[in-house]
Amino acid sequence: MPKKRPDGIKDYTGPAGGWGALKAVAVALKAQQIVSRGAQTLLKSNQPDGFDCPSCAWPDPKHSSSFEFCENGAKAVAWESTAKKIGAEFFATHSISDIWQRTDHWIEDQGRITEPLRYNAATDHYEVVTWEEAFAEIGAGLAKLDDPNQAEFYTSGRCSNEAAFLYQLFARLYGTNNFPDCSNMCHEATSVGLPKSIGIGKGTVSLEDFDHADLILSIGHNPGTNHPRMMATLREVARRGGKIVVFNPLKERALERFESPQSVVEMATFSATPIATSYLQVKVGGDAAALKGICKALVAMDTAETPVLDHGFIGEHTAGFDALVADLETAEWADIGHASGLARSDLEEVARLYAQSKATICCYGMGITQHRTGTSNVQQIANLLLLRGNMGRPGAGICPLRGHSNVQGDRTVGITERPSPALLDAMRDVFGFEPPRADGHSVVESIGAMRDGHAKAVVCLGGNLAIASSDPQACAQGFRNMDLAVHITTKLNRTQLLMAKGNTYILPCLGRTERDSQDGGVQAVTVEDSMSMVHASRGFLMPPGENVRSEPWIVAGIAKATLGAKGGIDWDGYVANYDRIRDKIEAVFPAFKDYNARIREPGGFHLPNSAAQRIWLTDTKKANFIVSPGLEEDESTKDPSVLRLTTLRSHDQYNTTIYALDDRYRGVFGRRDVLFMNAKEIARLGFAKGDVIDVTTALEFARADRIVQGLMLVEHELPDGCCASYYPETQPLIALEDHDPQSFTPSYKSVPVQIRPAGADDGAERVIERAGVAGRRTSLEA
């Protein structure tokens, strides 16, 4: 008899947003003990004279309203500006072995770290260390490596442009291009794929373009949870009669209907705005086939009498059109339907809507990029837009939805493991040293180097790398192999409990909400949103402790201790006044012309976008149609026992941070140990809802013991052959080698798996029972 558990599953029938969102904000403020101060803080979020939300990268409108925050942004602000603090007493009370047994939610919920810390292996405790001691020991540890390429310099998207620029200056002067970055795990497929298609690795639209679009194609993203401020924009498109076509394996509530907390009428009448004109539940991994189907239908509709393709644009601005058409002709509709899970008639209807639209925007998220075919998926979206000239004109273009508030900005100012010759030449000319020319490591390559003993030190500027990356087994081994590990952070997380065999340090830094006072006065930092707008962010809360320092100050301190006088860099001068950092950013990157003057204007400024101007910085000097052969990601789809797993965030989650154990819109409360499948598939495989099952990988090259145990089956509307579960709990199923070969983006969103009754093979290694499930051991247990 299969095991069953009390489910904690309820039907949630309400819309996204509305009173449910306001209640959730109030609960978050209360939980972080900042009800009064938190409300005041939120009113400064995303305002011209305030701070940039530490959550998503959705842009701010030109004319901001009295509040420009969303439910999950409010949770992020509350989480960061919490009244809870941990210092010497906490770490004297709790050993690392003790903390290790706690859930990830409990660990981060303890509060802000207020002192620099060093791990003492003899006592198994973190102990307070002075900044001077920490810098001296870290500097000595980095300086003694045999090769600078034995160090890995990780960056989280929460860091500012100023911190990121100093960080890449330090690491390149030190001698490496090893810059694993959080973008490697999300939109690297965009950064690699779009330059080959349109000459720039960013989106081409502005927020104002949504006012002029007739059609929005929304592919592989869930804005209600991952970038909720986008919902206000989609709501306006829907209310003025624009069409919104959604492609997503799961029915997500926000893409169905949304109740705006800023609408007095909707809040008073408990009404909501329908969002999706049509909602197509594409199979997990079926996006490429669906996109080919739309393109094929579009080309078939095009005749001399009734042209639907923009032949003038294609002739003047593109290359590769004939090869694309030839590939589309070889794709059979039966194969497209099998791979996508969608009917030919549905795809032809999307093509008809697209043909009628005068201006179309395609938005996409990690449901497109986090695949073994992520780069090709992105390029097929570009193909679709190019067919009708939907690049470089009002209301049209491509819109990658970046997940973190400055993940795009840190790349713009030099955090890249594959730097262009132009960037390195500019660094040489401005700073007078010859930077390393060899490509460095991405996240996947860094973890591999750490695991295999090639890397000896890792510095993490924010983030929770070992939990955010695929293959936590490899990550844990990698961190424990290190001679030196350094974590610059606001809060404690699981990665910081993976102790290096040498020294491990935690260095507490300021959050976005906090005042940054340096010798030159109170400083502002800058960030870039997902639509290339750069603007200032000014915190105003007092820091949680006198030993909490800014990221630029910490980076400069490590650089001085490691490099001494090498390069003649005035690290102290840069930290005293961030205007000096911005002057150097402008010198290296001419697109930042008049940087300091322009960030003092409300709303900031827009970086130039070549593709938006129909300037194609590609090898052909044109926008390129790029053929992506085939329709399936791999051959595992031919085995009926193999399901396609997509990993998800819950609604009470941001990246690896678990705010609480509920997922309101999907009807899951008080737990995270679930596997979503449709009722038909549950029955086909011989199970019933509520059964407890184990999930194993079906990847041929992965270990046979790669298994996630003890998940409860929950009925949810998904396509046949598909299932879904939470990230990061199911990441042990994803081998480090399971990634897009072009961008090295891990395949979080399409994992071939099989399920079996819980405990069917108790001899298999038990690799996961982790975050959100109280009292159970972590998958990273040594």
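Select G341 to begin: with 40% relative accessibility, G341 is partly exposed, a class between buried (under 20% relative accessible area) and exposed (over 50%), using a 1.4 Å probe and protein chains only. This is a predicted model, where local features need pLDDT of at least 70 and side-chain atom pairs pLDDT 80 or more, while totals for chains, interfaces and linings use all residues. Numbering runs from 1 along each chain as its sequence is written, and side-chain values use heavy atoms, leaving out hydrogens and water.

Next, pick the cysteines. Where is the closest cysteine sulfur to that of C186? It belongs to C182, 5.6 Å away, too far for a bond. C363 is in no disulfide either, as the sulfur of C399, the nearest, is 4.1 Å away. The structure holds zero disulfides, a disulfide being a pair of cysteine sulfur atoms within 2.5 Å. C186 is buried at 10% relative accessibility, and C363 is buried at 0% relative accessible area.

For a last stop, select I200, G201, K202, R411 and S420. Of the 33 residues lining the largest pocket, these lie nearest its centre. A pocket here is an open set of points on a 1 Å grid over the protein atoms alone, where a 1.4 Å probe fits, with protein on both sides within 12 Å along at least five of seven lines; lining residues have an atom within 4 Å of a point.
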